[in-house]
Amino acid sequence: MLCTVSGYAPVLLSCLVLSTACALQLSTSYEEGPLQFDDNADLYYTIDKESQTASLAVVVNDSDIIASSFNWVGIGLSEPTAGSMLGADVVTAEFSADETDSCTLRDRYVPFYAYPLRDTVGDADSAFPLPDDCQDDGSWTLVSCMRSEEDGQMILEVKRSLAAHDSQDREIPPGANSVIYAYGASFAYHGSRRSSLRLILYEEDDNEPVGVAEKPLPDDTDGSILVAATGYEVPSDKATTYACTSKVLSLNPGEKRMIVAAEPVLNATVSAMVHHLTFWLCRGEEYAKMTSSTVECSTGGSQVPSPQGSSVAQCATFVYAYVKGMKRLVLPREAGILIDERDYIFVMETHYDNPDGLQGNIDFSGVKVHYTNTMREHEAGSLLMGDILVSRFNQTVRNDFEYEFSCTSACTRKFSRPVNYYASFLHMHLTGKEIYNNRFSQNGTFVETMNKVNYWSDSFQNYIVFDPPKQIKPGDQMQVTCLYDTRKRPNTKFGLETTDEMCMEFAGYWPVQRDPVTNEKINVCAYFEDFQKNAVSTLCGDLGNLTDQTFIPEANPAFEDTIDAPTDFGQAVSTCSAPKPLTPSETIAPVTSLPSETVEPSPAEPTPETPTPVAPTSVQPSPVGTSGSITDSETTDETEESQTSPNDDDDDDDDDDDDDVCFPASASVELRDGSRKRMDELQIGDSILVGPGEYSEVFLFTHRTSRVLYRFVQLTTSSGATVKLTSGHFLYLNGKLAMAGSAREGDEVTVGSGETEMVTKVSTVVDKGLFNPQTIHGNIVVDGVVSSTYTHTIAPMMAHGLLAPLRVLYRCLGMLALVPQSA
């Protein structure tokens, strides 16, 4: 059936787009549309800046659902930086049994609900939109509503002011906004019958483009490169998997390119499993060989580390991140990310979710980067902030506690000039409630909130581009703050799994700044907490080339605490009269108050949660260091049980000696049958290589924990072998036992064959776990290099003598008798 409205062709186009007969007609024409929400719905809209009003229409086609006696359809505005239902201002039209051209209109809002979301009606996993206190204040005005059960169609047309009428409404500011819609056959969970569009509804300047917030490719684009998974089968036996893929670019001598845009290319059959992916520009050739075909990395005992912070991958620049719903990233016209003879390897890390154990899912998803051969005025780079290395790994997340992670002035003072902060990707997981980044001046005075999400949803994350960019000045301090609601998941911990938590920001800036001493790019300014030494550092420098200079000890900065907090969306309305004027973007006041830690059971039908304003409180510097540390006076019973302490090393001594021992979990040894095992897989009784052709049994672990991140000395030899061990651990250096921390380039180490190899590089890396297995022999070959099992805490000969009784017990009685598996 052909349907038109006089003078309005887009209605016909909508019918063609949705491939269905169009029995219903929009009552008026619209300046923009149809814009496709999904396969079932289109959006139309007009913004009238003169009258300060917005007219919105949604056309739904679904014969299976709209054939029912009761139907509803809703449209609304969610938080611009998010796009989820949480924190949304919506209007619904409800059709009763016989209604076709009339409906009941309700103004609604969605408060924050703890994960997992629970409906207030029925048992569905959904946040339910609650009726506004003010239903007749003109926030939303019905233009028309129509339904045709015969043709399976619904139309809702509404009009509203650009300004917010009350605190349960959202304003419609110029620039990017997130428009959402949903529909259903009963007022229960809509399931997949919902979607969102991130749109530029209007701009102050009428010459600026509007519509879907995805910029076209720059005019200077010369080509593109696709980096995609190589037919990777998503494991069915793991709920969470990280997999890495690399691509090496072939450049001619002296050739340079600049990245100007990046976008996702998704495999439709597996896209629902892609939780997120990160895309890096790196220089590690060995890592590129390991990941030339997609392999598991970071998780599951994989020998391949994450590119993030890896000394093997040597990733100097974060390029792009994708989460569900993200579109193309276009860099500012002044800057591009440099590809040259040093940084020429692309690495993609993909996080897959497969909680249902689905089999046979083969992925070819990837990222397409667009480049120019013409050098732009400035080189762009990345700045990673927050707890970027998850240094709080395995600690229980405290409910409603504000975790604050600082990029201190000790790092930004290395900047030679103010830099332009042009993009931001904030990242948490399921129990996240609120995340934001505040900028403070060098003296601690609050300047502005750089980016924020007041209503976090793991399913809706956005890479926000600022046009014009914001500034970070030399000496400024940045503070990433994360707030969690763990009442329904009280055992949530910080970690790498989807069910764990994180607090990170991946930002883009230009021009790239370099460390004045090392001349390396500054791509990280982040929090690092060393629980073994009860100290805090600022990571500042090149995340792919960590050295001792990268870790800057820094006391907790004192931030200004007198910023008035904004009124939160969704609060109870005190008046229902005049609309609120359009206001500048709100800021979040810094606080360090400690809310109650009581974990309340979730009721069967939760009541709406009303956020309270953030009240300024006195900021007290933490004696541990950077804000986010929990002092003894602040520690609750929950954190006492779960927080990794200086002696939380699974041994039986009371000494804080973790800085003297150990290998990371990723280190490996050779078994008698020639196979290899990681440290975190090694067991008492395993017979491992200790010298040329000689094997010895493991009879004890003096340290054995995967729950910490730690700094290790990494030695690279002339054959390309690398070994990581703590600075106080002994190895054979120039033929004698010496501490790893004393090694220098040009020294010689003894390898498993009994020969020696020259040390070509000494570096500092961060890795997970602390393991120190004891062998009957007293030596151990780790990653091809011969080491002692002893440290400088006790002289090796004395330590070997002190452990003699345990060796005798082990030989006589076996590993299960008397000898603890963690001494």
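## What "buried" means, and a covered strand

A residue counts as buried when its relative accessible area is under 20%. Keep that cut-off in mind as you look at this predicted model. Strand β45, which spans residues 756-775, is mostly covered: 14 of its 20 residues are buried.

Strand β45 has a partner, β44 (residues 748-750), and three bridges join the two in an antiparallel arrangement. Together β44 and β45 make a hairpin with five residues between them. In the turn you can look for Gly-754, which has a positive phi of about 95°.

## The chain as a whole

Now let's step back. The chain has 823 residues, and 59% of them count as buried. It contains seven helices and 47 strands.

How much of the contact in the chain comes from residues 24 or more positions apart? Among contacts with a separation of 6 or more, such residues account for 74%.

Strands of a sheet pair through backbone hydrogen bonds, and they can do so in a parallel or an antiparallel way. In this model, five strands form an open sheet in the order β1-β2-β3-β9-β8, with antiparallel pairing. Its edge strands are β1 (32-38) and β8 (141-148), each of which pairs on one side only. From one strand to the next, the twist averages 15°.

Take a look at the end of the sheet where β8 meets β9. Strand β9 covers residues 153-161, and seven bridges join β8 to it, with the two strands running antiparallel. Here Ser-148 stands opposite Gln-153 in β9.

## A visit to Thr-53

Strand β3 runs over residues 53-61, and Thr-53 is found in it. Is Thr-53 buried or exposed? Its relative accessible area is 15%, and because buried means under 20%, Thr-53 is buried.

The side chain of Thr-53 makes a polar contact with the side chain of Ser-51, at 2.8 Å. Leaving aside neighbours within four places in sequence, Thr-53 is in contact with several other residues, including Thr-46, Ile-47, Asp-48 and Lys-159. Arg-160, Ser-161 and Leu-162 are also among the contacts of Thr-53.

## Aromatic rings in pairs and in a group

A pair of aromatic rings is described by the distance of the centres and the angle of the planes. The model has 22 aromatic pairs. In one of them, the rings of Tyr-181 and Tyr-183 have centres 6.0 Å apart and planes at 20°, so this pair is stacked. Both Tyr-181 and Tyr-183 are buried.

Compare that with Tyr-403 and Tyr-484: their ring centres are 5.9 Å apart and their planes are at 70°, so the pair is edge-to-face. This pair links distant parts of the chain, with Tyr-403 in strand β27 (residues 403-407) and Tyr-484 in strand β32 (residues 477-484), 81 residues apart. Tyr-403 is buried, and Tyr-484 is too. Elsewhere, one aromatic cluster is formed by Trp-280, Phe-318, Tyr-320, Phe-425, Tyr-463 and Phe-506.

## Charges over rings

Where do you find a charged end over the ring of Phe-701? Look at Arg-704: its charged end sits over that ring, 4.1 Å from the centre. For another example, find Arg-257, which lies over the face of Tyr-371 at 4.6 Å from the ring centre.

Methods: Residues numbered from 1 in each chain as written. Predicted model: local features only at pLDDT ≥ 70, side-chain atom pairs only at ≥ 80, totals over all residues. Heavy atoms only, no water. Helix = DSSP H or I, 4+ residues; strand = E, 2+ residues; numbered from the N terminus. Buried < 20%, exposed > 50% of the residue type's maximum accessible area, 1.4 Å probe, protein only. Polar contact = N/O pair within 3.5 Å; in protein donor to acceptor, adjacent residues only side chain to side chain. Contact = heavy atoms within 4.5 Å. Phe/Tyr/Trp six-rings, centres within 6.5 Å; stacked < 30°, edge-to-face > 60°. Lys NZ or Arg CZ within 6 Å of the ring centre and 35° of its normal. Pairing = 2+ DSSP bridges. Axes fitted to C-alpha atoms, helices over the stretch in contact; angles between N-to-C directions.
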